[in-house]
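This briefing covers the pocket, the nonpolar core, the sheet and a few individual residues. The sequence and model are shown first.

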Amino acid sequence: MPLHNDRLLRALRREPVDRTPVWLMRQAGRYLPEYRATRARAGSFLAMAKTPELACEVTLQPLARFPLDAAILFSDILTIPDAMGLGLYFVEGEGPKFEHPLRTADDIARLGVPDMESELRYVMDAVRLIRRELRDADGIGRVPLIGFSGSPWTLACYMVEGGGSDNFPTIKAMALNDPAALHRLLSVNTDAVIAYLAAQRAAGAQVLQVFDTWGGALSPAMYREFSLPYLQRIARELPRGEGDAHAPLILFGKGNAPYLEDLAASGCEGLGVDWTVTLEEAARRTGGQVALQGNLDPAMLYGAPEAIATQVRLTLDSYAAGNGGSRAGHVFNLGHGLSPDMDPQHVAALVAAVHEHSARPYRPA
């Protein structure tokens with residue numbers, strides 16, 4: 001389908017663009033009053049996520065406010081384990097929980113890949129509806145739609161711990177005491193993630209992202225055993241289509257700076273990085289194998305608009321400095337998601353600064 005704005009797709013192909021595309025993790029979220037109003041009307045986060053019309057409404061809200069270069073599906077990374085029967089619920093102030101966490105090899109052996117058009121049909125219906133709503137009367141899309149999943153390791157963290165954790169003691173004990181069981185879990189999760197992302201692409205998602213939120217919680221040796229191989233398998237096995245129907249894959253991970261070379265060589269099209277490494281270093285280390293996404297520290301949005309614009313310029317120029325002076329192959333984003341207490345006017349200042357500064361040629365300081 002043709003697009004009025006295809007900057008994101010061209011950037012992920014490392015082609016020149018008139019301005020660096022920008023989208024933001026959690027761009028649809030509690031910092032927006034219209035999101036809070038929809039959530040109040042829905043009654044709960046899960047009701048929003050599981051009602052395609054509400055998920056569509058929330059997905060489109062930030063695009064009505066800001067000239068963003070992509071929409072990202074409103075959903076949750078824990079839809080897969082919920083569909084596996086673990087019983088997802090949310091506790092106010094504590095985040096996601098599971099009624100049936102996995103604690104034994106027998107628990108894991110009972111898991112299977114859910115059916116994407118039955119147990120997870122609400123996600124696919126949301127993708128289809130959002131794609132329709134992004135089209136104009138001539139059938140031309142406004143911006144690309146991003147679909148996503150949690151990584152096998154990150155999903156496993158929640159599935160074994162039963163919720164969030166500061167240091168993940170239960171799953172790390174499993175990694176040490178019964179690694180075969182954990183690998184079985186990660187293998188099933190990988191099968192499910194591949195099927196889930198493929199189904200989102202078939203439903204209309206034009207870009208796919210994997211969130212390895214908790215990969216950085218692992219030691220280097222454990223990351224290379226329990227996270228990296230499964231990300232590599234997704235990049236290798238996920239069908240992404242051909243030609244104009246190709247949906248590029250972005251691998252994002254908090255704390256992934258030590259592994260940039262391995263991730264860039266995985267076969268993914270884009271690599272999202274957090275703010276603990278400069279884009280100049282990341283670009284030099286990955287050597288043009290992939291597009292890079294990121295990586296402004298989200299806390300910079302607590303600054304005044306003028307300070308945000310300065311940090312945006314530094315981030316954009318850092319990428320160009322490591323990429324031979326070219327801005328091609330960069331997708332601007334935060335190093336993680338927006339927080340509920342952030343000011344929408346500061347988000348507007350960020351988006352404007354990205355488009356304004358990236359339209360200028362790079363000039364070394």
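A pocket is an open set of points on a 1 Å grid over the protein atoms alone, where a 1.4 Å probe fits, with protein on both sides within 12 Å along at least five of seven lines; lining residues have an atom within 4 Å of a point. Grid points are joined across faces, edges and corners, and a volume is the space filled by probe spheres set on the points. The model is predicted: local features need pLDDT of at least 70 and side-chain atom pairs pLDDT 80 or more, while totals for chains, interfaces and linings use all residues. Residues are numbered from 1 along each chain as its sequence is written, and side-chain values use heavy atoms, without hydrogens and water.

**Largest pocket**

- The largest pocket holds about 1,200 Å³ of space.
- It is lined by 37 residues, of which Arg26, Arg30, Phe45, Asp76 and Phe90 are the closest to its centre.
- At least two lining residues come from each of helix H2 (33-42), helix H3 (45-49), strand E2 (88-91) and strand E3 (95-98); helices (H or I, at least four residues) and strands (E, at least two) are DSSP runs numbered from the N terminus.
- The lining comprises 20 nonpolar, 11 polar and six charged residues. Here Ala, Val, Leu, Ile, Met, Phe, Trp, Tyr, Cys and Pro count as nonpolar, Asp, Glu, Lys and Arg as charged, and the others, Gly among them, as polar.

- A nonpolar core is a set of buried Ala, Val, Leu, Ile, Met, Phe, Trp, Tyr and Cys residues joined through side-chain atoms within 4.5 Å. Buried means under 20% relative accessible area, exposed over 50%, and partly exposed in between (1.4 Å probe, protein chains only).
- The largest core has 128 residues, and those with the most contacts inside it are Met159, Leu182, Leu185, Leu249, Leu271, Val312 and Leu350. Helix H10 (residues 179-203) gives the largest share of this core, 12 residues.
- Beyond four places in sequence, Leu350 is in contact (heavy atoms within 4.5 Å) with Val22, Leu24, Leu296, Leu301, Ile308, Val312, Phe332 and Leu334.
- Helix H8 (residues 152-161) is largely enclosed by the rest of the structure, because 10 of its 10 residues are buried. Among them are Trp153, Met159 and Glu161.
- Gly162, which follows H8, has a positive phi near 85°.

**Sheet**

- Seven strands form an open sheet in the order E1-E4-E5-E6-E7-E8-E9, with parallel pairing; two strands pair if DSSP finds at least two bridges between them.
- Strand E1 (71-72) and strand E9 (330-334) are at the edges with a single partner strand each, so one side of each has no neighbour in the sheet.
- Strands E7 (residues 270-272) and E8 (residues 291-296) pair in the parallel sense over three bridges, and Leu271 stands opposite Leu292 in E8.

**Individual residues**

- Ser149, in strand E4 (residues 145-150), is buried at a relative accessible area of 1%. Residues it touches beyond four places in sequence include Ile77, Val193, Tyr196 and Phe211.
- Phe66 lies in the loop between helix H4 (52-65) and E1 and is buried at 4% relative accessibility. The C-alpha atoms of Phe66 and Ala348 are 6.1 Å apart, although 282 residues separate the two in sequence.
- Tyr122, in helix H7 (residues 121-134), is buried at 14% relative accessibility. Beyond four places in sequence, Tyr122 touches Ala49, Lys50, Pro52, Thr79 and Asp82.
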